[in-house]
Amino acid sequence: MGLLSWGMFPKIITKKFSLRDRAALKSYIEETDEFIPYGNGRSYGDSALNKNILHVKPYNNFLAFDEEKGLLTCQAGVLLSEILDSVVKKGWFLKVTPGTKLITVGGAIASDVHGKNHHVEGCFSECVEEFCIMLPGGETKLCKKGDELFYATCGGMGLTGVILSATISLKKINSKNIRQTTVKTKNLQETFLAFEKYQDMPYSVAWIDCLAKDDALGKCLLIVGDFADDGDLDYRSKKKLSIPFNFPSFALNNLSVKAFNWLYYAKAKDGISKQKVDIDTFFYPLDAIGNWNRIYGKGGFTQYQFILPKEQSYEGLKEILGKISDSGKGSFLTVLKLYGKANDNYLSFPMEGYSLALDFKMEDGLFELLDALDEVVLKYGGRIYLTKDVRVSCETFERGYEKIDKFREFRKENGMDKKLNSLQSKRVQI
């Protein structure tokens, strides 16, 4: 069967095995030379693609929920959306959530996802109390914080074993609504000042006009917020609009991106404005559009996400935004976020600083531009996010992750490098 990541690139032929019980999984591992776990297909690149795919999503039962303590135990194929549908009405929310709720719990652990509150709560692994994992030899192990297996698996891109279930701690809330503040800035300097001013807010994210030039370089809409306290817990996932077909490749171009950026920036009031929005609007705006990846055409797209140390972020972002603006290969989904300190996991992406994420349509000259951006990222001490990546070189990857040798050694010592591999793991040699 053909299988695609969310970026719809690359296209490969795979054999799929659906995870439904442990005994069948153990037999599958024994009989299969190499494979990679695959959740709900929302990774952008090739981190969950290989000739053999273990489809984890069917393994999706809730196992236990302590409503007093907010501790949830579920199988790895449960979607974050399914958790929210069950727990928000009871006054609980995910401590850490990325910009989509349509990922599995196993995938959230494997990517050690982060959200708009990394500067406060850290990565997803911070709320993982323990998880059960089947190792390449077929044995099952309960893993907790402090175990080397925990450090390797959280952010380990599915390369240490098959996560079966996990217990996560949730956040107590008293509303499905968010008190949101929108700050409109005129340039990158104002953007950084705004982030610093609102750094004590629990949630923050900025949309940047990546095609702006000169004095307007880095202008943005910074959105910060916190949960309301109005007792309204009547949460229901919003109905989706769906894009039924791939857009023609010419539909997304420099002019259409410029037009979108102008409209999006112009719709916000100058200065500071306040809104009250619900969970889906604040955390998951793109989830309201089914198959939104089709707007990039059948050739697909990639997301380029990097992070820079805080003290280097301003100069680094200024240089990178300048290169992107000059290239004309703009992204209308350009997201800037502030991060807190890095954790101890071997391959987790965040460090204290700022990250920028941009979606680029696959087209001639794109990889050359991204190679040039890689050099700037490394120049300022940054790294690339593996969950979004589809093309970074082994050398660039290695220079960004100082614990890569520990991860490689751990994989080799435990026979993980023989069984668990993806197209990405082979490309960056992990």
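This is a predicted model: local features need pLDDT of at least 70, side-chain atom pairs count only at pLDDT 80 or more; totals for chains, interfaces and linings use all residues.
View 1. β9 and β10 together form a hairpin with 5 residues between them, and in its turn G138 has a positive phi of about 95°. Of the 7 residues of β9, 5 are buried, so this strand is largely enclosed by the rest of the structure. In a regular strand the side chains alternate between the two faces of the sheet.

**View 2. F306 in the largest nonpolar core.** The largest nonpolar core holds 133 residues, and the residues with the most contacts inside this core are F93, F131 and F306. When residues up to four places away in sequence are not counted, F306 touches L317, I320, F349, Y354, S355, L356, L358, V377, R383 and I384. As a general background to such a view, nonpolar side chains in soluble globular proteins tend to be buried together.

View 3. Helix α6 spans residues 188-197, and its buried residues are L188, T191, F192, A194 and F195. Seen down the axis of α6, these buried residues fall within an arc of 160°, so they line one face of the helix. An α-helix has 3.6 residues a turn, so residues three or four places apart point the same way. On the other side of α6, Q189, L193 and K197 are exposed. The cover over the buried residues of α6 includes the strands β12 (177-184), β13 (203-208), β14 (220-227), β19 (334-339) and β20 (353-361), together with the helix α9 (310-327). At the N-terminal end, α6 is capped by N187, which has a side-chain oxygen 3.2 Å from the backbone nitrogen of Q189.

View 4. Helix α7, residues 254-267, has 14 residues and reaches 20 Å from its first C-alpha to its last, which is close to the 20 Å expected at 1.5 Å a residue. The buried residues of α7 are V257, N261 and Y265. They cover an arc of only 55° around the axis, which puts them on the same side of α7. The face turned away from this buried side carries the exposed residues L255, W262, L263 and K267. The N-terminal end of α7 is capped by N253, where a side-chain oxygen lies 3.0 Å from the backbone nitrogen of L255.

**View 5. H114 and D112 in the loop between α3 and α4.** H114 is found in the loop between α3 (105-110) and α4 (118-121), and D112 lies in this loop as well. Buried means under 20% relative accessible area, so H114, at 4% relative accessibility, counts as buried, and D112, at 1%, also counts as buried. The side chain of H114 is joined to that of Y339 by a polar contact of 2.9 Å. Apart from residues up to four places away in sequence, H114 touches V96, T97, P98, C123, Q305, K337, Y339, F349, P350 and Y385. The phi of D112 is near 40°, a positive value in a residue other than glycine.

**View 6. D374 within helix α10.** D374 lies in helix α10, which covers residues 366-379, and at 2% relative accessibility this residue counts as buried. If its neighbours within four places in sequence are left aside, D374 is in contact with Y304, I384, R391, V392 and T396.

View 7. A cis peptide bond, with omega of about 0°, joins F9 and P10, and P10 lies in the loop between β1 (2-3) and β2 (12-13). Q429 is placed in the segment after α14 (423-427), and its phi is near 60°, a positive value in a residue other than glycine. At 52% relative accessibility, Q429 counts as exposed.

Technical notes:
Residues are numbered from 1 along each chain as its sequence is written. Side-chain values use heavy atoms; hydrogens and water are left out. Buried means under 20% relative accessible area, exposed over 50%, partly exposed in between (1.4 Å probe, protein chains only). Helices (H or I, at least four residues) and strands (E, at least two) are DSSP runs, numbered from the N terminus. The arc is that of the directions from the helix axis to the C-beta atoms. Contact means heavy atoms within 4.5 Å. A polar contact is a pair of N or O atoms within 3.5 Å; within protein, one must be able to donate a hydrogen and the other to accept it, and residues adjacent in sequence count only if both atoms are side-chain atoms. A nonpolar core is a set of buried Ala, Val, Leu, Ile, Met, Phe, Trp, Tyr and Cys residues joined through side-chain atoms within 4.5 Å. Two strands pair if DSSP finds at least two bridges between them. The expected span of a helix is 1.5 Å times one less than its number of residues.
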